[in-house]
Amino acid sequence: MTKKDLVVLPDVQSSEDRRNLPIQRVGIKGVEAPVLVKSLGGSQHTVADVEFAVSLPGDKKGTHMSRFWTLLEGIDEPLAPVMMVGVMKDMLASLRSTGGHIRFEFPFFIEKAAPISGMKSTMNYKVVLSAEADDGKIVVTQKVTAPVTSLCPCSKEISKYGAHNQRSKLSVAAVLETNFPIEKQVKLIEECASCPVWGLLKRTDEKYVTEHAYENPKFVEDLVRDVAIRCIDEPAILAFKVEAENFESIHNHSAFAIITYDKREHS
C-alpha cells in the first residue's frame with residue numbers, strides 16, 4: 001500500500017458546533033486500571049477507579065476521548081500530588097483545553113502491628129487523589145478516609161459503668177502543593193480518634209483498645225475539631241475539609257460533622 005492508497009478520515013470531533021454551548025466537563029469515567037502509588041520508602045501496587053475530563057469550548061463538536069487513554073497508559077511513575085500537576089499539564093496540552101479534572105480513587109494498604117501483642121495485619125484505607133485546573137491554575141487534593149473508634153463522652157459521664165462506642169469514618173481532603181505521605185495523613189487522622197482500629201487483635205490488644213477508647217471519649221464534633229487543629233499545624237497542607245461520620249451503636253442513624261478551612265485566607 002502506498003501513501004496514495006491511504007484514506008484520509010474526517011476528524012468529526014474537531015468540527016464546528018453551531019449551538020455554541022460550552023461544556024464544563026467532558027471525558028471518561030469508570031475506568032479501572034492498575035497503578036503505582038507513592039509510599040514511604042518506595043511505592044505500592046493497587047487498582048484505581050479513574051476519571052479524566054476537560055472543558056470544551058462552545059464552538060467545538062467534541063473532545064478526543066482516545067487521548068485520555070493515551071495519557072493514562074503513558075503514566076510511568078507512582079501517583080503523588082506533585083506528579084499530578086505534570087499529568088494535568090500534559091492533558092490540557094494534548095486536548096487543547098484550559099480546564100481539566102483528573103481523579104484516581106484507590107485502596108491504600110498499610111501493615112500495622114497490634115498495640116500490645118505486636119501481631120501484624122494489613123489495613124486498607126480509601127484514598128482519592130485529584131487535580132482540578134481552571135484557566136491555568138492547578139489545585140491538587142489528597143483525600144484519605146480512615147476507620148476509627150469513637151466513644152461517647154456523655155454516655156461515659158452519665159453511666160455507672162461502660163459507655164457506648166462505635167466505628168467511625170474520618171477523612172481529610174487536603175489541598176497540597178508538595179508531596180505529603182499517605183501514611184502520615186492516616187496517622188494524623190488516627191491519632192485524633194478515641195482509638196485506632198486494627199485488622200487483627202489478640203485478647204491483650206482488645207483490653208488495650210477498650211480501655212484506651214474509654215479514656216479518650218470524643219463527640220463527632222471533637223473528632224473534626226481535633227483533626228482540623230492538626231491540619232492547621234501541618235505546613236504541607238494549604239487548605240482542607242475534615243469529615244466525620246459516627247455509625248451510632250444506640251441510634252438508628254449516623255451523626256456527622258464537617259469543617260472546611262483555608263490557611264491562605266487566614267495568613
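Exposed means over 50% relative accessible area, and buried means under 20%. These legends describe a predicted model.

**Figure 1. Arg96, a residue with positive phi in the loop between α2 and β3.** Arg96 sits in the loop that links α2 and β3. Its relative accessible area is 77%, so Arg96 counts as exposed. The phi of Arg96 is positive, at about 50°, yet the residue is not a glycine. Most residues other than glycine have a negative phi.

**Figure 2. Asn20, a residue with positive phi in the segment before β1.** Asn20 belongs to the segment that precedes β1 (23-39). Here too the residue is not a glycine, and the phi of Asn20 is positive, at about 55°. Asn20 has a relative accessible area of 52%, which means it is classed as exposed.

**Figure 3. Helices α1 and α2 and their crossing.** Two packed helices are described by the angle between their axes and the distance between the axes. Helix α1 covers residues 66-73, and helix α2 covers residues 81-95. Their axes come within 10 Å and cross at roughly 150°. Angles over 145 degrees count as roughly antiparallel, so α1 is roughly antiparallel to α2. The crossing is right-handed. From α1, the residues in contact are Arg67, Phe68 and Leu71. From α2, they are Val87, Asp90, Met91, Ser94 and Leu95.

Figure 4. Strand β3 spans residues 99-113 and includes Lys112. Is Lys112 buried or exposed? Its relative accessible area is 11%, so Lys112 is buried. The side chain of Lys112 makes a polar contact with the side chain of Glu190, at 3.1 Å. Leaving aside residues up to four places away in sequence, Lys112 touches Met119, Lys120, Ser121, Met123, Tyr125, Glu190, Pro196, Val197 and Trp198.

**Figure 5. Helix α4, a mostly covered element.** Helix α4 runs over residues 182-190. How many of its nine residues are buried? Seven are. They are Ile182, Glu183, Gln185, Val186, Leu188, Ile189 and Glu190. Glu190 is also the polar partner of Lys112, side chain to side chain.

**Figure 6. Prediction confidence along the chain.** The mean pLDDT of the chain is 93. A value of 70 or more is reached by 95% of its residues. Which element has the highest mean pLDDT? It is α4, at 98. Helix α3 (residues 153-158) has the lowest mean among the elements, at 91.

Note on methods:
Residues numbered from 1 in each chain as written. Predicted model: local features only at pLDDT ≥ 70, side-chain atom pairs only at ≥ 80, totals over all residues. Heavy atoms only, no water. Buried < 20%, exposed > 50% of the residue type's maximum accessible area, 1.4 Å probe, protein only. Helix = DSSP H or I, 4+ residues; strand = E, 2+ residues; numbered from the N terminus. pLDDT = per-residue confidence, 0-100. Polar contact = N/O pair within 3.5 Å; in protein donor to acceptor, adjacent residues only side chain to side chain. Contact = heavy atoms within 4.5 Å. Axes fitted to C-alpha atoms, helices over the stretch in contact; angles between N-to-C directions. Parallel < 35°, antiparallel > 145°, perpendicular 65-115°, else oblique. Left-handed = near helix turned anticlockwise from the far one by under 90°.
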